[in-house]
Amino acid sequence: MLDADFFRRWMTATAASVDREAENLTALDSPIGDADHGSNLQRGFAAVTAALEKEQPQTPGAVLILAGRQLISTVGGASGPLYGTLLRRTGKALGDAAEVGAEQFAEALRTGVDAVMALGGAAPGDATMLDALVPAVEALGDGFAAAATAAREGAVATTPMQARKGRASYLGERSIGHQDPGATSSALLVQALVEASDE
Ligand code: ADP
Ligand code: MG
Ligand code: MG
């Protein structure tokens, strides 16, 4: 069973890996965007960890709803509302249970990913975060490690794609040949599930 502490660890592990990878995420956002993806997420996840510390939410749902709200209010770019919606909607789907099972979490995350698609109008194949998130959700039934591998492979698979949503889409065919920064950070988010369960 996954409790509020697990979800807190998920968020702090994500914050730590976003810190580690910030330069790389910003470098990926440089040729096809505005070179802010790393700093956007660093600011956002720093706010998430600070809010979790201060408010001490006591259920899995409350942890993710608070985290999502922080991302929406502190990240200016497209990724803030999208990641914020992912976490908030996943948290809402978990309800007020003190602990949730792996299957319930997988179902809730699917609800969150669907909400990202509804908000941004993107689908897999458009070279966005969804190219990592959708395969991850599909693999989640096989465990966190399988989901992390699927997300990482999904991020790499954006390189030959033409971006159809977000800033990168302004480049048209010139967006081909670049790995999507949001798909790359989504792979970090999913990998952080493995780290949270190892601790
Ligand atoms: P901005 O583009 O506003 O500077 P970021 O650089 O923080 O925001 O985030 C860019 C990432 O957001 C992209 O790499 C892509 O993965 C994701 N993204 C942008 N638009 C969409 C969308 N409509 N649907 C899903 N993901 C999107
Ligand atoms: Mg950007
Ligand atoms: Mg920006």
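The model is predicted. An unreviewed UniProt entry annotates residues 5-195 as "domain: DhaL". That span is 71% helix and 1% strand, and its end C-alpha atoms lie 13 Å apart.

**Ligand shell**
- Ligand 1 is surrounded by 23 residues, of which G77, S79, G120, G166 and G182 are the closest.
- Two or more residues of this shell come from each of α2 (37-55), α4 (79-94) and α8 (181-198).
- The largest contribution, three residues, is made by α8.
- By class, the shell comprises ten polar, seven nonpolar and six charged residues.

**Nonpolar cores**
- The largest nonpolar core has 57 residues, and those touching the most other members are A67, A132, L133, A136, A147, A151 and V190.
- Helices α1 (4-32), α2, α3 (60-74), α4, α5 (102-120), α6, α7 and α8 each give two or more residues to this core.
- With nine residues, α1 supplies the largest share of this core.
- Leaving aside residues up to four places away in sequence, A67 touches M11, V48, L52 and L87.
- A second, separate core has five residues, including A127, M161, A163 and A168.

**Helix α7**
- Helix α7 (residues 144-156) has 13 residues and should span 18 Å at 1.5 Å a residue, which agrees with the 18 Å between its end C-alpha atoms.
- Its buried residues are F144, A147, A148, A150, A151, R152, G154 and A155.
- The cover over these buried residues of α7 includes α6 (130-139) and α8.

Technical notes. Residues are numbered from 1 along each chain as its sequence is written. Chains are lettered from A and ligands numbered from 1 in the order in which they are written. This is a predicted model: local features need pLDDT of at least 70, side-chain atom pairs count only at pLDDT 80 or more; totals for chains, interfaces and linings use all residues. A residue is near a molecule or strand if its C-beta atom, placed from the backbone, lies within 6 Å of it. Helices (H or I, at least four residues) and strands (E, at least two) are DSSP runs, numbered from the N terminus. Ala, Val, Leu, Ile, Met, Phe, Trp, Tyr, Cys and Pro count as nonpolar, Asp, Glu, Lys and Arg as charged, and the others, Gly among them, as polar. The expected span of a helix is 1.5 Å times one less than its number of residues. A residue is buried if 20 or more other C-beta atoms lie within 10 Å of its own, exposed if 12 or fewer, and partly exposed in between; C-beta atoms are placed from the backbone. Two residues are in contact if their C-beta atoms, placed from the backbone, lie within 7 Å. UniProt positions are given in the numbering used here, feature names are shortened, and annotations may be inferred rather than shown by experiment. A nonpolar core is a set of buried Ala, Val, Leu, Ile, Met, Phe, Trp, Tyr and Cys residues joined through C-beta atoms within 7 Å.
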